[in-house]
Amino acid sequence: MDWLEYENLAYADGFEVVCGIDEAGRGPLAGPVYAAAVILPKGHIVEGVNDSKKISEKKRDMLYDKIIEECVDYSIGVATEKEIDEINILQATFLAMRRAVEGLSVKPDIALIDGNKTPNLDIEQRAIIKGDSKSANISAASIIAKVSRDRYMLEMAEKYPEYQFEKHKGYGTKLHYEMIEKYGVSPIHRITFLKKFLGNE
């Protein structure tokens, strides 16, 4: 497969600096949503990259360092659980993506975005469904976003040990629901994701 197909289409259309954008943490019941923007050198593929969900945690950690080493620039954007509750998860994801792009030192002229919707950036944007397994830049962004969020959730596991965030990273596992039932919600839970469970509807 051609990891640079979408990048090459962008270059052919006259764009020079391509960035890939992806998010991590849309589904969990707790913690922020993360987004990463990554600009790889033209024609470059980081060896071993793939959709972050398809590779092991150990390999993601290794690739995280490799991507940072080999990329032109990268940035991470975050929208908090409170922002998620206020504006909904889709809008919070877009907010995190915009923050990631705004944090870049090198300004891209086009963004390739994983998914079927775009976050209203002030540059050209193209949504690519399953882009994290089709585009080198998006795949790199998916790994940066995923590793960054997982590391944050490990910090939260130390702060709120009773929820065992190190085991589920905030996702709605059986264990996580059991811990919420036992201890109630923590300051980092997304209340809008738990309304039915908490009986607030």
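This is a predicted model: local features need pLDDT of at least 70, side-chain atom pairs count only at pLDDT 80 or more; totals for chains, interfaces and linings use all residues.
Local features were kept only at pLDDT of at least 70 and side-chain atom pairs only at pLDDT 80 or more, while totals for chains, interfaces and linings use all residues. Residues are numbered from 1 along each chain as its sequence is written, and side-chain values use heavy atoms, with hydrogens and water left out.

Helices (H or I, at least four residues) and strands (E, at least two) are DSSP runs, numbered from the N terminus. R126 is partly exposed at 24% relative accessibility, and so is D13 at 49%; here buried means under 20% relative accessible area, exposed over 50%, and partly exposed in between (1.4 Å probe, protein chains only).

E83 and R99 make another salt bridge, at 2.9 Å. Because E83 lies in helix α3 (residues 81-87) and R99 in helix α4 (residues 89-102), the pair ties together parts 16 residues apart in sequence. By contrast, E178 and K174, whose side chains meet at 2.9 Å (N to O), both belong to helix α7, four residues or about one turn apart. K174 is exposed at 66%, whereas E178 is partly exposed at 35%. R60, K146 and D150 are linked in a salt-bridge network.

What about disulfides, meaning cysteine sulfur atoms paired within 2.5 Å? The search found zero. The sulfur of C19 has its closest cysteine partner in C71, 11 Å away, so the gap is too far for a bond. Both cysteines are buried, C19 at 0% and C71 at 13%.

C19 also shows up among the residues that N137 touches, along with E7, V18 and G20 (contact means heavy atoms within 4.5 Å), leaving aside residues up to four places away in sequence. N137 is in helix α5 (residues 136-159) and counts as buried because its relative accessibility is 2%.

Out on the surface, V185, I191, F197 and L198 form a nonpolar patch. Of these, I191 lies in the loop between α7 (174-183) and α8 (195-198).

How values were computed
Patches are made of residues with over 30% relative accessible area and no salt bridge: like charges are joined within 9 Å, nonpolar side chains (Val, Leu, Ile, Met, Phe, Trp, Tyr) within 5 Å. Accessible areas come from the Shrake-Rupley method with a 1.4 Å probe; for residues, only the protein chains shown count as cover. A salt bridge is a side-chain nitrogen of Lys or Arg within 4 Å of a carboxyl oxygen of Asp or Glu. A disulfide is a pair of cysteine sulfur atoms within 2.5 Å.
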